[in-house]
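Try each task yourself before reading the solution.

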Amino acid sequence: MNTIKAVIFDLDDTLLDRRQTMEKLAHRLAKEYAAYLEEGRHVLERIVHLDWHGAVEQRHVFATYIDQLPWKKRPEDQHLLEFCQQQYAQCAVLTHQAKETLQYVHQRYRTALLTNGQADLQHQKLAQMGIRDELDRVLTAEEAGTAKPDVRIFYQAAEQLQVDPADCMYVGDHAISGIGGAIQAGMQTVWIRQHLGPRDAKHVQPTHTIDTIAELGKLL
């Protein structure tokens, strides 16, 4: 680890607990539109099932949920989309010990966030979770003009941190787009092994593998 000068983090399912975040959003949606929906628990079950750790493409995510929910009487889609977009960032929940880990890392290394999400939404989520001050740089796919696993977005992050890619460590949960892209960019990697099993990651060889972000401090 002596060569590491910067640590680059993914957001969803790395610093942000996406399941808890989506559960909070589902509860708010069920409460707001209770007169239009079937039993509220079906809303929660359906959204968690559809979301599956961000499996739905970001720009279609809320439209997909709305289309698949158990409506008795469906309100106008525009109202539903606006509600979801307004509430989502407010529902952002940190992964257990993510803030403490990020603070520990930031005291020792330059730090950045690298995410494929939409710029305004991701920045709102960071503000809600109170971790923006622990990040020296934040780079979204929208701002970069490209997305993970394209190596160019990893190079941009390293450039913003004013370090070589080889001196960076990327930390994320997605074995293909995150870890795979970072490896191609020449970075060291820490894979938080969550929803993607060995079959999904068989062609990816991360530098380190951990089960929770709380374990990161032991590596650094």
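Is Asp167 buried or exposed, going by its relative accessible area?

Before the solution, a word on ground rules. This is a predicted model, where local features need pLDDT of at least 70, side-chain atom pairs count only at pLDDT 80 or more, and totals for chains, interfaces and linings use all residues. Residues are numbered from 1 along each chain as its sequence is written, and side-chain values use heavy atoms, with hydrogens and water left out.

**Solution 1**
- Start with the cut-offs: buried means under 20% relative accessible area, exposed over 50%, and partly exposed in between (1.4 Å probe, protein chains only).
- Asp167 has a relative accessible area of 15%, so it's buried.

**Exercise 1.** Find the salt-bridge partner of Asp167 and work out which parts of the chain the pair ties together.

- A salt bridge here is a side-chain nitrogen of Lys or Arg within 4 Å of a carboxyl oxygen of Asp or Glu.
- Asp167 pairs up with Lys5, and their closest N and O atoms are 3.8 Å apart.
- Lys5 sits in the segment before β1 and Asp167 in the loop between α8 (151-161) and β4 (168-172), so the bridge ties together parts 162 residues apart in sequence.
- Helices (H or I, at least four residues) and strands (E, at least two) are DSSP runs, numbered from the N terminus.
- As for Lys5, its relative accessibility is 47%, so it counts as partly exposed.

**Exercise 2.** Locate the salt bridge between Arg19 and Glu23, and say how they are placed in their helix.

**Solution 3**
- The two side chains meet at 3.1 Å, N to O.
- Arg19 and Glu23 are four residues apart in helix α1 (residues 18-32), which separates them by about one helical turn.
- An α-helix has 3.6 residues a turn, so residues three or four places apart point the same way.
- Arg19 is partly exposed at 48%, and Glu23 is partly exposed at 24%.

**Exercise 3.** Pick out the buried residues of helix α5 (residues 98-106) and see what covers them.

- The buried ones are Ala98, Thr101, Leu102 and Val105.
- They span an arc of only 100 degrees around the axis, so they lie on the same side of α5. That arc is taken from the directions from the helix axis to the C-beta atoms.
- Their cover includes β1 (6-9), β2 (110-115) and α10 (216-219), where contact means heavy atoms within 4.5 Å.
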